[in-house]
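Please keep the sequence and the structure at hand while reading.

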Amino acid sequence: NNCWGVEKDSNCDIKSTAMASLALKTIGKNVDSYIEWLLKRKELTTGLTWFLEIDSVNSTECEINNQKITIDENKKIIGSDPAGLSKVYDNYWFEIKDIEENYTISCSQNFITSLLYKKQGSNIYHISSETHSAAAFDSTSEKVESYCFAISEQCNYEAGLWAVLALAKAGKDISSYIPYIYAMSDEIENKKYLPYAFLTMFYQSTDDYLSEIISQQKQSKFWDESGNKFY
């Protein structure tokens with residue numbers, strides 16, 4: 001059924017299918033059907049809160065999905081909340097209430113838009129990897145693209161790490177999975193999976209995640225986050 005379980009007669013699961021895909025990919029086998037099976041298990045993440053920021057050097061009149069607002073000289077938002085959005089952070093940002101909506105923004109001055117996110121209950125904000133800019137009266141489009149891999153409709157962090165690694169090795173775009181993996185990496189129950197080791201493999205061009213995994217090393221020799229230094 002294009003998927004794998006822990007044992008021959010086990011039910012298919014995300015982690016096993018991802019691991020099998022990685023192994024088969026290494027020996028040159030076609031894994032497209034297994035990757036497609038994994039992609040059908042992705043779900044929109046619900047554990048993150050998302051924000052929209054609009055910025056311009058000067059005060060500007062803007063429209064968001066045809067709803068008019070003003071970005072004042074002090075960068076604050078003036079006007080009624082467009083559908084799916086709510087002013088927060090002392091009226092500097094919008095909280096995105098409808099994460100499935102696509103928001104088209106146009107302003108009378110040159111402007112930029114970006115998305116931010118945070119784990120629910122956390123005070124740490126993360127800026128998404130893409131910022132969009134546009135000239136006056138042109139437009140940008142912002143939509144939350146944030147997924148996890150779910151078991152019984154619940155995001156499963158460990159399964160997600162392996163699934164995203166399998167997707168990365170298969171040449172798929174993994175950017176929409178990183179916000180959940182990164183934001184949830186400091187959860188106590190997730191540290192035993194060494195998420196920064198996976199993040200280092202996802203982004204080999206940066207040393208940021210590598211520095212973090214090195215800092216977790218014990219005696220400069222091994223890791224013991226799971227309670228088993230040989231794991």
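**Sheet and ring contacts**

Strands β3 (residues 60-64) and β4 (residues 67-71) pair in the antiparallel sense over 5 bridges. Strands here are DSSP runs (E, at least two residues) numbered from the N terminus, and two strands pair if DSSP finds at least two bridges between them. The model is predicted, so local features need pLDDT of at least 70 and side-chain atom pairs pLDDT 80 or more, while totals for chains, interfaces and linings use all residues. Residues are numbered from 1 along each chain as its sequence is written, and side-chain values use heavy atoms, without hydrogens and water.

Within this pairing, isoleucine 64 has glutamine 67 of β4 as its bridge partner. Both strands belong to an open sheet of 5 strands in the order β5-β4-β3-β8-β11, with antiparallel pairing. The edges are β5 (77-78) and β11 (139-142); each has a single partner strand, so one side of each lacks a neighbour in the sheet.

The whole structure holds 14 aromatic pairs (ring centres of Phe, Tyr or the six-membered ring of Trp within 6.5 Å; planes under 30 degrees apart are stacked, over 60 edge-to-face, the rest tilted). One of them is tilted, because the rings of phenylalanine 51 and tryptophan 93 have centres 5.6 Å apart and planes at 55°. Phenylalanine 51 lies in β2 (residues 48-55) and tryptophan 93 in β7 (residues 93-96), so the pair ties together parts 42 residues apart in sequence. Tryptophan 93 also pairs with tyrosine 125, with centres 5.2 Å apart and planes at 75°, so this pair is edge-to-face. Ring pairs link Phe51, Tyr89, Trp93 and Tyr125 into a cluster.

Conventions:
Helices (H or I, at least four residues) and strands (E, at least two) are DSSP runs, numbered from the N terminus.
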